[in-house]
Amino acid sequence: MIDMAALNAHVLYQACTGVQERQVDFLVELAKELGDSHVSEKRHTRRNCFGNNLPHPALAKGRSVRDTPWQCQAWSDGADGLLGTMCQKAAVKHPSFQMPPCDYKPDSYQGMSKERLLEIRKQNCHPMTMKVTYYRQPVFIHQGHMQWLWDVDGKRYLDLFAGVATVSVGHCNPRVNEAAVKQLKHLWHTTAIYIHPQIQEYAEKLVSLLPEPLKVVYLTNSGSEANDLAMLMARLHTGNYDIVTLRGSYHGGSPLTMGLTSQTAYKYPVASGSGCHNTMCPDVFRGVWGGSHCRDSPVQAIRECSCSPGHCQANDRYIEQLKEMFDTTVPHRIAAFFGEPIQGIGGAVQYPKNYLKETYKLVREKGGICIADEVQTGFGRTGSHFWGFQGHDIIPDMVTMAKGIANGFPMGAVVTTEEIARSFGKGLHFNTFGGNPVACAIASSVLDTIAEDRLQENCAVVGTYLLTELAKLRDKYEIIGDVRGKGLQIGVEMVTDKVSRKPLSPEAMAEIFEDTKDMGVLIGKGGIYGQTFRIKPPMCIMKDDVDFFLAVFDQALQNYLDRR
């Protein structure tokens, strides 16, 4: 005998999670055969959660039950209908928040089935590809436009992670697309052994946005490659070997940069990064010391302190830790200090306001050069400045960049001084794809778009609004320990409670993460313990997008607490 309650629950689950309509039709027919008098094939219509009736899905075979923007749809013969009743119950869990409108119409997906895509991914792609695949129910992305992504079923998502803080000016931004197509029609590839206009044009445009004496550019293909090259340059120039980073940092996954990266999840049991050392991260929320007005952000940590205005005791303590590391761990002379202006994968961790300024002074006294890793913070994302280091009132000796530099096209760069560049000239270094004409044309268009569309200003305005509204959710929920960041480089750290600051479990994080995705928003995760939600969207998002996300995130948090 078939359990009708179990069947009904299964129908509800399938109807509200994007199953194909022919499967729901089968379940409805099965329910009818089992004698459920509520189901009537002649009368049931597809009704969204706003009460609008649409034609029976048999008229639109092959489409997904859950059409954007509605998050929960089913067929009902009235308020007391089987599926209508279940849809109402589902709405408690996934209310159908109105997704902001989008005039863009994606192409209909005509490729492999999701099952076949996943089968190939498991069998023919490296196992690491599956290991890093987000979500219990993966998202099969088909197309993108600005801040929006569509999956193969046509469902629309608000992208607040931007391909890991990489899509700077929007997916398939029309202006950038035009520049790419134009270049593709002229010249796809040649190397730096020949002179082509694009590399010179881009180098000149890029250095115009950096302070003196940062005027020499070397183009690469990724952030890891840029940081790898920066390590080599620093050692050659100083004649020293040891390099210092902060715990919780991420600077790449190559054999050399793995040593800079200070997170166990990205380490392998092999010799890597010889001469790399880390010091205590001055995290004013999770760290040993902190306070309520330490960082350069519209939102401060909720920790109390007794600091007088303009003086941060936590900063003093963390600088003491750095000095102790210099006294005990490294030689008298070092090669470099690597630091992200705001930690990225570490969870948007911000430091006390003067920490990097004092650190740079100490590093230079030890003979080292100072390197700003702007892979995630660069190109206006922090809002107040074009480069993250400018918010700390410092000028590094070298800047590395990637990700947003070309809106997702593979590209990176190292910018340094003429003096350091000359030291690198003692040998011969060649990069086949660095400075590729297409990459340079795209990156040049990205700079133009940031300026013409005033995206840095948008980051400041929209990011500040998002941060202050997230702070209200922090005050509402005990499980939100900290909200931090600048512009559109934001972290929301989750805890079991605000007193202990114990990280929320991976299982709990996954529940909230999955729920947020199911309601139409994609965000990221980070932090040493995977306890921080990372919000780093395309820099073109608007206030209406933020409001939609806030409603979804609020509901996902409430859903988690209700289940608990």
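**Entry 1: cysteines**

I started with Cys305, which is partly exposed at a relative accessible area of 28%. The model I am reading is predicted, and local features need pLDDT of at least 70, side-chain atom pairs count only at pLDDT 80 or more, while totals for chains, interfaces and linings use all residues. Residues are numbered from 1 along each chain as its sequence is written, and side-chain values use heavy atoms, with hydrogens and water left out.

Next I looked for disulfides, which are covalent bonds between the sulfur atoms of two cysteines. The cut-off is a pair of cysteine sulfur atoms within 2.5 Å. My search of the whole structure gave zero disulfides. Cys305 is in none, and its nearest cysteine sulfur, that of Cys307, sits 3.9 Å away. I also checked Cys370, which is buried at 0% relative accessible area.

**Entry 2: the whole chain**

Of its 564 residues, 55% count as buried. The chain exposes about 24600 Å², and carbon and sulfur atoms supply 55% of that area; accessible areas come from the Shrake-Rupley method with a 1.4 Å probe, and for residues only the protein chains shown count as cover.

I looked up contacts too, meaning heavy atoms within 4.5 Å. Among contacts with a separation of 6 or more, 73% join residues 24 or more positions apart.

**Entry 3: salt bridges**

Side chains of opposite charge can pair when their charged atoms come close. Here a salt bridge is a side-chain nitrogen of Lys or Arg within 4 Å of a carboxyl oxygen of Asp or Glu. How many salt bridges does a search of the whole structure find? I got 23.

One of my picks was Lys486 with Asp296, at 2.8 Å from N to O. This pair links distant parts of the chain, 190 residues apart: Lys486 is in strand β14 (residues 480-486) and Asp296 is in the loop between β9 and α11 (313-328). Lys486 is buried at 10% relative accessible area, whereas Asp296 is partly exposed at 34%.

Another pick was Glu320 with Arg317, at 3.9 Å from N to O. Both lie in helix α11, three residues apart, about one turn of the helix. Glu320 is partly exposed at 45%, and Arg317 is partly exposed at 32%.

I also noted Asp515 with Arg563, at 3.6 Å from N to O. Asp515 belongs to helix α16 (residues 506-518) and Arg563 to helix α17 (residues 543-563), so the pair ties together parts 48 residues apart in sequence. Is Asp515 buried or exposed? Asp515 is buried, at 3% relative accessibility, while Arg563 is partly exposed at 40%.

Finally, I found a network of salt bridges linking Arg286, Arg295, Asp482, Arg484 and Glu493.

**Entry 4: Thr377**

Thr377 sits in the loop between β11 (369-373) and β12 (398-401). Thr377 counts as buried because its relative accessibility is 1%. Its side chain makes a polar contact with the side chain of Glu374 at 2.6 Å. A polar contact is a pair of N or O atoms within 3.5 Å; within protein, one must be able to donate a hydrogen and the other to accept it, and residues adjacent in sequence count only if both atoms are side-chain atoms. Leaving out residues up to four places away in sequence, Thr377 touches Pro341, Ile342, Thr382, Phe386, Gly388 and Gln489.

**Entry 5: backbone notes**

Asp393 is in the loop between β11 and β12 too. Its phi is near 60°, a positive value in a residue other than glycine. Asp393 is exposed, at 56% relative accessibility.

Arg454 also has a positive phi, near 55°, and is a residue other than glycine. I found Arg454 in the loop between α14 (437-452) and α15 (455-476), exposed at 53%.

Which peptide bond is cis, with omega near 5°? That is the one from Glu212 to Pro213. Pro213 is placed in the loop between α8 (197-207) and β7 (216-220).

Definitions and conventions. Buried means under 20% relative accessible area, exposed over 50%, partly exposed in between (1.4 Å probe, protein chains only). Helices (H or I, at least four residues) and strands (E, at least two) are DSSP runs, numbered from the N terminus.
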